[in-house]
Amino acid sequence: MIKSFGFGKLPLIFFGAGKVEQLSQLIRRYGEKILLVTGKFSFLNTPAGIRFREIAEKEGLNLSSLVISGEPSDLMIDDAVSAYRNDMPDVIVAIGGGSAMDAGKAISAMITVEGNIKNFLEGVGYLDHPGTKIPFIAVPATSGTGSEATKNAVISRIGEDGFKKSLRHDNFVPDIALVDPELTITCPPDITAASGMDCFTQLAEAYLSTKSNLYTDALAIEGLKAVKASLVKAYLDGSDTEARSGMAFAALTSGICLANAGLGVVHGFASSAGGLYEIPHGLICGTLMAVSNELTVKRLREKKDGQTALDKYAVLAKLFLSDTGAKDDNELTDEFIEYLHKLTAELRLPGLKEAGITESSLEKIALITECKNNPVELDTPDLMEILHRRL
Ligand SMILES: [Fe+2]
């Protein structure tokens, strides 16, 4: 029997090289007054951005722009909302990585309600957002978070009492996701690696999730095939347009999968450690992926009802390993974990020490880490072991 499931909204998706040329035309569906949200490497200074400005000017679009440097904080969003609430744009367009897209998504939702965003964040605030927003178009310039297809915006305040939590509502799925792989060509190798591993983690966690279903599994497998074919190639040669296209597809697909199937323990760490320490989201996911899967497999093998998830690990192994020979599923899964460790090294993902995490802080992080929809619950010593091994 088919397992029960639900499947949420999707944005209108426009995918392909050169699609950015259609942006001003798509914006016109909503009006002429645009707030453009970009990251610190502003899109507006790239050749595609200069061309977009020319078209926008010719078509009489009224453009204001806001640069978001770093992952968005609650105060950043509150400031932007107060600056634009009295002269509200017709549409918000975010072009950049996950930070710019999450900021744009959050501003489009918060500009319609009174109050600080912190009060509406999951696990931090006490208010339910009514789901109102102004139109929002997401245009990714990195291949990673999949925010162009998700219903949440991650907002953080870093420090002792910090948090990294979501503003979430079904209505916050972007109205349009315009995915043009050519926009990712200039993304440097370290960001390509970290954001690519974020995308890989999202696809694998959604596939293994206790909330996964036939639709999310089918999509996750296609996204994972693209990761296998493209991640290392895009890292080694950023100008490889085929690899960039594969990763842009994988990232978009990862967003759809995570929005509908949830995530696992790696993203639990991204929320807990990410709220306490200044560490980019992709980097924490990438650096913890191999060890977290290793511990998850170990605990699944000790459980009576872990076989369904172990079967899925064997599927992943067959997908990623080039030589599957006459090995049994357990051997293949062990080799897949080994593959993940080698990938972590090949992509030169740094350990947690670089972000200031020390042995003495591991328990504090572990105690506030949720396993989310991981196929097996890991206890505090397991979580500490994962962190310890990636210090
Ligand atoms: Fe992520």
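What is on screen is a predicted model, in which local features need pLDDT of at least 70 and side-chain atom pairs count only at pLDDT 80 or more, while totals for chains, interfaces and linings use all residues. Residues are numbered from 1 along each chain as its sequence is written.

To display the pair, select residues 189–208 for H5 and 281–302 for H9, whose axes come within 7 Å and cross at roughly 65°. Helices (H or I, at least four residues) and strands (E, at least two) are DSSP runs, numbered from the N terminus; axes are lines fitted to C-alpha atoms, for helices over the stretch in contact, and angles run from 0 to 180 degrees between N-to-C directions. On the H5 side, show Ala193, Ala194, Ser195, Met197, Asp198, Phe200 and Thr201, which meet His281, Gly282, Leu283, Cys285, Gly286 and Met289 of H9, contact being defined by C-beta atoms, placed from the backbone, that lie within 7 Å. The residues of this contact divide into seven nonpolar, five polar and one charged, where Ala, Val, Leu, Ile, Met, Phe, Trp, Tyr, Cys and Pro count as nonpolar, Asp, Glu, Lys and Arg as charged, and the others, Gly among them, as polar.

Next, select methionine 247 in helix H7, residues 241–261. Methionine 247 counts as buried because 31 C-beta neighbours lie inside 10 Å; the class requires 20 or more other C-beta atoms within 10 Å, whereas 12 or fewer make a residue exposed and counts in between make it partly exposed, with C-beta atoms placed from the backbone. Leaving out residues up to four places away in sequence, methionine 247 touches Ser143, Gly196, Cys199, Ala226, Ser230, Leu231 and Ala234. Threonine 192 is 55 residues from methionine 247 in sequence, and their C-alpha atoms are 9.3 Å apart.

Now colour by domain, using 12–183 for domain 1 and 189–389 for domain 2, bounds that come from an automatic or database domain assignment. The two centres, taken over C-alpha atoms, are separated by 26 Å, and 25 residues of domain 1 are in contact with 27 residues of domain 2. On the domain 1 side, strands S7 (163–168) and S8 (176–179) are the elements that give two or more residues, and S7 supplies the largest share, three residues.

S1 and S8 pair over four bridges in the parallel sense, and phenylalanine 14 stands opposite leucine 178 in S8.

Finish with two loop residues. Most residues other than glycine have a negative phi. Arginine 348, in the loop between H11 (329–346) and H12 (362–367), has a positive phi near 50° and is exposed, with 10 other C-beta atoms within 10 Å. Lysine 372, in the loop between H12 and H13 (380–389), also has a positive phi near 50°, but is partly exposed, with 18 other C-beta atoms within 10 Å.

Technical notes: Contact = placed C-beta atoms within 7 Å. Pairing = 2+ DSSP bridges.
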